[in-house]
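Thanks for making time, everyone.

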Amino acid sequence: MEILVDGHCDTIEVAFDKQKNIDDKSLNFNLKDAKKPMIQMMATFISPEYKNSFKRAKDIINYFYEQYEKFSDEIILVKTKEDIEKVISEQKELKEKATNKILENKFLNSEKSKRKLGVLLTIENGRAIENDLKNVDYFYDKGIRVMSINWNEDNLLGCGALTKNDIGLTEFGKQYIKKLNEKNIIIDISHSSPKTFWDTAKLSEKPIVATHSCCIEICNHPRNLTDEQIKQIAKMNGIIGICYSSTFLSEKKNASSKEIVKHISYIANLVGVDYVGLGSDFDGLEEEHLPTDIKGIKDTDKIKEELKNVGFTKEEIAKIWGENWLRVLRENLV
Ligand SMILES: [Zn+2]
């Protein structure tokens, strides 16, 4: 069984700002092009330009709920372990029936329509909570199950990837990490500075993940992870979702599915195939930063072809495609 799990996209924010429905094919990720069942982790991204960041987060999340209502027959909101199995079970059912050789087109289509998109809500940039840890409870109640500490800038919690003076987590940031552990909200260290990463790794009692990052040994960019960071994430039983931004994939700033697979292979060689997955960043990348052959969710299978080309086995591809993310989600959601 192969299911795609993508660790990061900014689709809800873009859909909200442009007042588009999430089935609009102009979005990199959209309901029409997504091959269901799959799980898409959807971020509420808080750009530092928004001073009232808690309100901004609420507005984006509320827009997701409007869309969820509109497309409720196509979406399962993933908040618990059971919700994951609900998304997957439709796939199993179809496979079982397919082996019974009753695959007339009409039947197949009606079965396909039962397949759902699992959406797991995340927050990108802890400044969404402003200066109040109680807002973490609010987001949890709204279904948020993954939260990052930073975006690129420094915030009240700690330093971001583009910091000028890396002092790591603040005292408030340390309380935030403990709070996320208590709430079983998975900590996303993408966009954090090196010291924020290590302070968090030291403090967190639960796995940490990088929803959308790449390897610094292949492409020297402050958003990418060192070998030591990759080893630490693996040691904590987390995962790295490879981001599709050509700026993180290649120093030539020109990348395709081949470069995505290079980063996947690098991590698989360094720590094993169990700790790497996908984290597209669809609708969060400038058009010119998308890989030359991947312009949206419709093109994602090109990565699978390339994984086959370089010799990954069927089982390994299933892990990279989604099983690794599923392991982390199953172990951390309650
Ligand atoms: Zn990002």
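A word on names: helices (H or I, at least four residues) and strands (E, at least two) are DSSP runs, numbered from the N terminus. Residues are numbered from 1 along each chain as its sequence is written. Please keep in mind that this is a predicted model, where local features need pLDDT of at least 70, side-chain atom pairs count only at pLDDT 80 or more, and totals for chains, interfaces and linings use all residues.

Glu 205 sits in the loop between helix 7 (194–203) and strand 7 (208–213). Is Glu 205 buried or exposed? First, the cut-offs. A residue is buried if 20 or more other C-beta atoms lie within 10 Å of its own, exposed if 12 or fewer, and partly exposed in between, with C-beta atoms placed from the backbone. Glu 205 has 9 other C-beta atoms within 10 Å, so it is exposed. Now look for Met 236. Along the sequence, Glu 205 and Met 236 are 31 residues apart. In space, their C-alpha atoms are 8.8 Å apart.

Val 209 stands opposite Ile 239 of strand 8.

How many of the eight residues of helix 1 (residues 11–18) are buried? Six are, so helix 1 is largely enclosed by the rest of the structure. Those buried residues are Thr 11, Ile 12, Glu 13, Val 14, Ala 15 and Phe 16. They pack against strand 2 (38–45) and helix 2 (53–70). Contact means that the C-beta atoms of two residues, placed from the backbone, lie within 7 Å.

Take the helix 2 side. Two packed helices are described by the angle between their axes and the distance between the axes. Axes are lines fitted to C-alpha atoms, for helices over the stretch in contact, and angles run from 0 to 180 degrees between N-to-C directions. Helix 1 and helix 2 pack at about 90°, with axes 9 Å apart. That makes them roughly perpendicular. On this scale, under 35 degrees is roughly parallel, over 145 roughly antiparallel, 65 to 115 roughly perpendicular, and the rest oblique. Helix 1 brings Ile 12, Glu 13, Ala 15 and Phe 16 to the contact. Helix 2 brings Asp 59, Ile 60, Tyr 63, Phe 64 and Gln 67. By class, that contact has six nonpolar, one polar and two charged residues. For the classes, Ala, Val, Leu, Ile, Met, Phe, Trp, Tyr, Cys and Pro count as nonpolar, Asp, Glu, Lys and Arg as charged, and the others, Gly among them, as polar.

Now the strand 2 side. Eight of the eight residues of strand 2 are buried. On one face are Met 38, Gln 40, Met 42 and Thr 44. On the other are Ile 39, Met 41, Ala 43 and Phe 45. Strand 2 has parallel partners. Three bridges join it to strand 1 (residues 4–6), where Val 5 stands opposite Ile 39. Eight bridges join it to strand 4 (residues 117–124), where Leu 117 stands opposite Met 38.

Backbone geometry next. Most residues other than glycine have a negative phi, and most peptide bonds are trans. Here are some exceptions. Lys 36 and Pro 37 are joined by a cis peptide bond, with omega about 0°. Pro 37 lies in the loop between helix 1 and strand 2. Just after helix 1, Gln 19 takes a positive phi of about 50°. Asn 184 also has a positive phi, near 60°. It is in the loop between helix 6 (171–182) and strand 6 (186–188). With 12 other C-beta atoms within 10 Å, Asn 184 is exposed. Asp 283 has a positive phi of about 65°. Its place is the loop between strand 9 (276–278) and helix 11 (301–309). Asp 283 is buried, with 24 other C-beta atoms within 10 Å.

That's my tour. Over to you.

Notes:
Two strands pair if DSSP finds at least two bridges between them.
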